[in-house]
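Dear colleague,

Please look it over first; my notes come after it.

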Amino acid sequence: MAASPPPTPRQRHLRPSDLRAAAQLATQATLGVVGIAEGVHQAVRQRIGLPAGEAPERAGGLTGRVYGAIRGVARGVGAGIDGVLHSVLPLFDDPAHGGQDSPGREAVVAAINGVLGDRLAAMGNALAQPMEWRQGERVLPTRQAERFDRALQGARPHLLLMVHGLCMNDTQWRRGGHDHTEVLSEALRATPLRLRYNSGLRIATNGRELAHQLERVLTLWPLPVQGITIVGHSMGGLVARSAVHEARRAGYRWPDLLKHLVFLGTPHHGAPLERAGHGADLLLGSSPFSAPLARLGRLRSAGIVDLRYGHLRHPDEGRMDEPLPLPDGVACFGVAACLAPRRGLLAERLVGDGLVPLRSALGEHDEPARRLAFARGSLRVVYRTGHLDLLSSPLVAEQLRQWLSAVPALSAA
């Protein structure tokens, strides 16, 4: 009798811990709505000439006590629910038997992190995505050398790292049945790894953490690393540039092994998506009655805000807007997409790929100090292509293969 096929691993669309995470978000949302209502209340009082009280956005007297009582009840109920779930959920949430997360759940969690990731991390919410190194569907344990060595498969002297973009995760490198990871790992004879991270955190925060973790991975690699290639899609390219900057500031050794940086639709000089949100903030803030509603617009995460101008430096440098050139000694390549056809220069400049302007993806800028000095022949524009289509375009795959195959591949161990 023929052996029956192995059972398909059970997938879960929800974890028991998601209930606690949702309860925390609901409590914060309730407090936020109360704050908006109180702010509008105070704006009306000031408009008709009534005293605003000690704090302009906080009501005083009996009204203030009512708002305070509502906040207290919301916090109390939230804390009670959180405490109960904290005690009960471990009885139901067994990671060893819970099954793999479904692609749908992973996509939703990635999107939530992109929009609210900094707030999730600040409140210790279970939905906050930690930075992880992944090979296929496996998470590589980067804290223990023995476990890392057992989990890693096919180690070669060249490491290929794929870094996803905003509101995405590592599984979304595969699109339309195609995955650039496979093309590039073959061209470089490299071991491919993928990064998963919280794209709602500051770009420089993720850059600093990536710089630290990549240095750690080098110490765990079972054979000497001779070369590193990093490919970033959209925000992932900014995170990679920031990581190189942070690693050199910290004196890490891996930047000396970095051979290639590849950017796919990376908004080097910012993206209009966040700028539109910033404009909405200004419009809402122009009226005392609508000003409290501007808080809704500020729900954008720090990662999205950093996309406004493509900030790569950490705030502790005190100069976030200072230009950061491409790293010396690294072969840098960039692909920009444009929804418009090849003809029509004005349309190309205005449309871009739907999310990132063409000039931003090419590193062009009116200020000479901010222009990125890509080498001749290291930039490519693909037309009639959207931002996400960069991940599945045959033209992009072939261009990347040609660029990276032109450099002699390292011999495999």
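This is a predicted model: local features need pLDDT of at least 70, side-chain atom pairs count only at pLDDT 80 or more; totals for chains, interfaces and linings use all residues.

Residues are numbered from 1 along each chain as its sequence is written, and side-chain values use heavy atoms, with hydrogens and water left out.

The sheet is open and has eight strands in the order β4-β3-β8-β5-β9-β10-β11-β12, with mixed pairing; helices (H or I, at least four residues) and strands (E, at least two) are DSSP runs numbered from the N terminus, and two strands pair if DSSP finds at least two bridges between them. Its edge strands, β4 (138-140) and β12 (379-383), each pair on one side only, and the twist from one strand to the next averages 25°. Strands β10 (residues 258-264) and β11 (residues 331-338) run parallel and are joined by five bridges, with Val-262 standing opposite Phe-333 in β11.

Helix α6 (residues 203-220) packs on this sheet, where it touches β3 (132-135), β5 (158-163), β8 (191-196) and β9 (227-233); contact here means heavy atoms within 4.5 Å. The direction of α6 makes about 50° with that of β3, given that axes are lines fitted to C-alpha atoms, for helices over the stretch in contact, and angles run from 0 to 180 degrees between N-to-C directions.

α6 also packs with helix α7 (residues 235-250), at an angle of about 60° and with the axes 7 Å apart. The two helices are therefore oblique to each other (angles under 35 degrees count as roughly parallel, over 145 as roughly antiparallel, 65 to 115 as roughly perpendicular and the rest as oblique). Among the residues that make the contact are Ile-203 and Leu-210 of α6 and Met-235 and Leu-238 of α7.

Helices α5 (residues 180-188) and α13 (residues 394-405) pack at about 20°, with their axes 9 Å apart, which makes α5 roughly parallel to α13. Here residues including Val-183 and Leu-184 in α5 meet residues including Val-396 and Leu-400 in α13.

Finally, a search of the whole structure finds three aromatic pairs, where rings of Phe, Tyr and Trp (its six-membered ring) pair if their centres lie within 6.5 Å, and planes under 30 degrees apart count as stacked, over 60 as edge-to-face and the rest as tilted. The rings of Phe-148 and Trp-221 have centres 6.4 Å apart and planes at 55°, so this pair is tilted. Phe-148 lies in helix α4 (residues 145-151) and Trp-221 in the loop between α6 and β9, 73 residues apart, so that the pair links distant parts of the chain.
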